Amino acid sequence: MRLRSLVAAAAVSALGISLVACGGSDSGDSAGGSGGDQTLTYWASNQGTSLDNDKQVLTPVLEKFTADTGIKVKLEVIGWNDLQTRIQTATTSGQGPDVVNIGNTWAASLQATEAFLPFDGAAMDAIGGKDKFVPTALATGGKEGTDPTSVPLYGLAYGLYYNKAMFAAAGLQPPKTWEEMVSAAQKLTDPAKKTWGMALAAGSYTENVHFAFINGAQNGADWFDKDGKPTFTSDGNVQGVLRYLDLMQKDKVANPSNAQYDNGTKSVNDFATKKVAMVINQNNADSSIVANGMKAGEYGVVPFPAPSNAAAPVASHVAGINLSIFKNTKNKDAALKFVNYMTSAETQTTLGKPFSSLPVLKDAKPVFTTDAAEAATFSDVYNTKSKPLPLVPAEDQFESTVGKAMNSLFAKIATGGTVSADEIKTALQTAQDQVAASS
């Protein structure tokens, strides 16, 4: 979710990797070709500090693939504000790339379009087999009991970043429970000095729905039943949303201006520039934190805390980026070779550090940080304290309706209004009705 930047066309051409507008690859041999003049189109998501940074990181990796296989790759990096819409347009128009990055939470929704290649036995074998992946990561590839239509590429999990110096000066320890987190945030909040305990991406519907899900899960609540019907208005979900909104409303540890923060980068930047003491973000925040001047040793990370009476110690959803192949590709074999390459141990290690990602392969070690404690924290959260977002076709509608409802609720709080549990339930009922009506 970062601003689009431009790359000089001459520089890209010199590297042999060019940008491509929305539209499928019509060059190269048909599926089953051996390379030669084959060209794949690849839509990558924004993982680094900017779109330009992503291109700089990916270019040598894609060049090596071309050198190894003879298969060229046309690259376009797409920001998070645009990626889902671009993919949805491609599924309906039939004019998409060969290979695309997707947010893994979209997997079941995109699978339902039938626009993507299932990784059945033969396809899975072609990319190295399912046993190479971390099971929790592979489980995000599609609806349970079906052949996945995406496979994991970059692993991500949420953690609570805290400023060590601020905590030490206030005599505080890293929080282990929600109550400890709120108490610490209140002690570290001083609006007169323009410092706050926490920063929230309270204007981002994707971030908001993630925390609605996590807080609901901590209460033992689900957002869909076993038949895939929405259960948004359960008490556990309502109270989970209220708990998160109360960071701005009741606890007053987040600046009301955070209601205008429409992506996670803005809240991370506040943390990196020491305007706030804590921020909840995924492990790929490391690159932005350091890029904004904060040194690695100046911050620590602990799991996102649950209340002391939580029903489940959920600290994150199973976050990350998956790879999918459009079913109508004319370069199926080449695309499978590319997916195998991108999910190989060597490529995972190469990209793990600049993109601050967690490994999706079994027995692989995180390389995004030299801080052993941070690596251990995120790895433990990813492997043992994460729950997949609902693996149902309506998951994308869940994200949109619930997330945008929370945007509105935060906006009301930011302008001096008060939000009650009943109002939250009404908003969630509206979202639930919208999802049910379109199912």
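User: What makes α2 and α14 roughly antiparallel in this predicted model?

Analyst: Take the angle. The axes of α2 (residues 51-69) and α14 (residues 345-352) cross at roughly 165 degrees. Angles over 145 degrees count as roughly antiparallel. Therefore α2 is roughly antiparallel to α14. The two axes come within 10 Å, and α2 passes α14 in a right-handed crossing.

User: Which residues of α2 and α14 meet?

Analyst: From α2 come Val-57, Leu-58, Val-61 and Lys-64. From α14 come Glu-346, Thr-347, Thr-350 and Leu-351. By class, this contact has four nonpolar, two polar and two charged residues.

User: What residues make the contact of α10 with α16, and of what class are they?

Analyst: Val-241, Tyr-244 and Leu-245 of α10 touch Met-406, Leu-409, Phe-410 and Ile-413 of α16. Seven are nonpolar, with no polar and no charged residues.

User: What makes α9 oblique to α10?

Analyst: Again, start with the angle. α9 and α10 pack at about 125 degrees, with their axes 8 Å apart. Roughly perpendicular stops at 115 degrees, and roughly antiparallel needs over 145. An angle of about 125 degrees lies between those limits, so α9 is oblique to α10. α9 passes α10 in a right-handed crossing.

User: Which residues make the contact of α9 with α10?

Analyst: α9 supplies Asn-208, Phe-211, Ala-212, Asn-215, Gly-216 and Gln-218. α10 supplies Gly-236, Asn-237, Gly-240, Val-241, Arg-243 and Tyr-244. The classes are four nonpolar, seven polar and one charged.

User: How do you know that α10 is largely enclosed by the rest of the structure?

Analyst: Count its buried residues. Nine of the eleven residues of α10 are buried, so α10 is largely enclosed. Among them are Asn-237, Val-238, Leu-242 and Arg-243. The cover includes α8 (178-187), α9 (205-218), α16 and α17 (421-438).

User: Is Val-360 buried or exposed, and how do you know?

Analyst: The relative accessible area of Val-360 is 0%. Buried means under 20%. Val-360 is therefore buried. Its place is in the loop between α14 and α15 (372-384).

Analyst: Pro-135 is found in helix α6 (residues 135-138). Its relative accessible area is 55%. Exposed means over 50%, so Pro-135 is exposed. The C-alpha atoms of Pro-135 and Val-360 are separated by 8.7 Å, though the two are 225 residues apart along the chain.

User: Why is Lys-252 called exposed, but Lys-274 partly exposed?

Analyst: The cut-off for exposed is over 50%. Lys-252 has a relative accessible area of 54%, so it is exposed. Lys-274 stands at 36%, between 20% and 50%, so it counts as partly exposed. Lys-252 is in the loop between α10 and α11 (264-272). Lys-274 is in the loop between α11 and β7 (276-282).

User: What makes the whole protein as compact as a globular protein of its length?

Analyst: The protein has 17 helices and eleven strands. Its radius of gyration is 22 Å, and the globule rule gives 22 Å for 439 residues, so the protein is as compact as a globular protein of that length. The C-alpha atoms fill a box of roughly 65 × 50 × 40 Å along the principal axes. Of the 439 residues, 56% count as buried.

Key. Residues numbered from 1 in each chain as written. Predicted model: local features only at pLDDT ≥ 70, side-chain atom pairs only at ≥ 80, totals over all residues. Heavy atoms only, no water. Axes fitted to C-alpha atoms, helices over the stretch in contact; angles between N-to-C directions. Helix = DSSP H or I, 4+ residues; strand = E, 2+ residues; numbered from the N terminus. Parallel < 35°, antiparallel > 145°, perpendicular 65-115°, else oblique. Left-handed = near helix turned anticlockwise from the far one by under 90°. Contact = heavy atoms within 4.5 Å. Nonpolar A, V, L, I, M, F, W, Y, C, P; charged D, E, K, R; others polar. Rg over C-alpha atoms; globule rule 2.2 N^0.38 Å. Buried < 20%, exposed > 50% of the residue type's maximum accessible area, 1.4 Å probe, protein only.
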